[in-house]
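Open the model in your viewer and get ready to click along.

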Amino acid sequence: MISFESDYIEGAHEEILKRLTETNMEQLSGYGADKYCESAKAKIKAACKCPEADVWFITGGTQTNQLIIDSVLEPFEGVVASVTGHVALHEAGAIEYTGHKVLTVPGHNGKLYADELEKYIADYYADGNYEHMVFPGMIYISFPTEYGTLYSKKELTDIHNVAEKYKIPLFVDGARLGYGLMSNECEITLPELAELCEIFYIGGTKVGALCGEAVVFTKKNTPKHFLNLVKKHGALLAKGRLLGIQFDTLFTDDLYFKISSHAIKMAEQVKKLFADKGYKFFLDSPTNQIFIVLENSRLEELKKDVSFGFWEKYDETHTVVRIATSWATKPESVKKLADLL
């Protein structure tokens, strides 16, 4: 059995495991106040070319999204996201649980469009009863999107300009950021992303780490008493060293970018396999997530040897499945998939 089910089904990169073992018996302060967290923060700021940034390590993606949205928004504000955005669909109502509404706009293969975003906000303030409604207080996007698609530099700049116009922060969910940045079709760099948003995070869970995300506040805009808020949200590790060591390793010798590039290389090979066999693609994704339309009978046949993710029904006789490569995908798995096809 081979698996292309997701990009976090393996444990962690061997270099991370090695560093964790090597440092295991060191006595270090807790809650992120250790030398490895400080070293990782310095390396991330250097990679972002944003020396004034503030970096925090959080336990996981849902905790990060909930924490950032709740701590940045006022009680009367909500967050604007695509209808297919992760915070709107697959986080069990974690945002609403904090008392903040997710305000949705149309999605286009995972992306929201700046003109529709601006119309939504403008229409809100044009309504004479807007005080009786939830204020749009933040813009949320994912890079890459939940469909593996990427915002062009212009699209991202246009969204940034809307955020600037209405003086609300742009928050970028980077759970799979490495796979976006290393895509052959990516138009932006990590420093450019840092310039275009107020807050983003660098995903570790899906990109080589055992767990954890690195949140970057880019404009000296960290909420007051943020450590207190992290703990209040259950997102603070007592053994913060675990996250610091992992990100320090990922940002040593460009490891984060190298392993992300490997996932893209594997994805390109998988896409070619399906294309050569005449399979229908649900959409064109330039990152590590591949969406294939399978005839239901063919799907059942492949399931005997290949694990992949259900995405949605296409019609009565076809289903859309997601095949994901990762930092750990082996060439042998791709070859076995080729033999099966």
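Start by selecting Ile 44, Phe 200 and Ile 202: of the 60 residues in the largest nonpolar core, these three touch the most other members. Such a core is a set of buried Ala, Val, Leu, Ile, Met, Phe, Trp, Tyr and Cys residues joined through side-chain atoms within 4.5 Å; buried means under 20% relative accessible area, exposed over 50%, and partly exposed in between, with a 1.4 Å probe and protein chains only. Next, colour helix H12 (residues 255–276), which supplies the largest share of this core, six residues. Helices (H or I, at least four residues) and strands (E, at least two) are DSSP runs, numbered from the N terminus.

A word on what you are viewing: this is a predicted model, where local features need pLDDT of at least 70 and side-chain atom pairs count only at pLDDT 80 or more, while totals for chains, interfaces and linings use all residues. Residues are numbered from 1 along each chain as its sequence is written, and side-chain values use heavy atoms, with hydrogens and water left out.

Now zoom in on Ile 44. Setting aside neighbours within four places in sequence, Ile 44 is in contact (heavy atoms within 4.5 Å) with Val 55, Phe 57, Ile 202, Ala 214, Val 216, Phe 247 and Phe 251. Another core, of 22 residues, lies apart from that one; Ile 68, Tyr 140, Val 215 and Ala 235 are among its members.

Switch to cartoon view for the open sheet of seven strands, ordered S2-S8-S7-S6-S5-S3-S4 with mixed pairing. Two strands pair if DSSP finds at least two bridges between them. At the edges you will find S2 (54–58) and S4 (102–105), each pairing on one side only. Within the sheet, select S7 (residues 199–203) and S8 (residues 213–217): they run antiparallel, joined by five bridges, and Tyr 201 stands opposite Val 215.

Then pick S10 (residues 289–295), where six of the seven residues are buried. Seven bridges join S10 to the antiparallel S13 (residues 318–324), with Ile 290 opposite Ile 323. S9 (residues 280–281) also runs antiparallel to S10, through two bridges.

Which peptide bond is cis? Select Phe 143 and Pro 144: the bond between them is cis, with omega near -5°, and Pro 144 sits in the loop between S5 and H7.

Last stop, His 225, in the loop between S8 and helix H10 (226–232). Phi there is near 50°, a positive value in a residue other than glycine. At 58% relative accessibility, His 225 counts as exposed.
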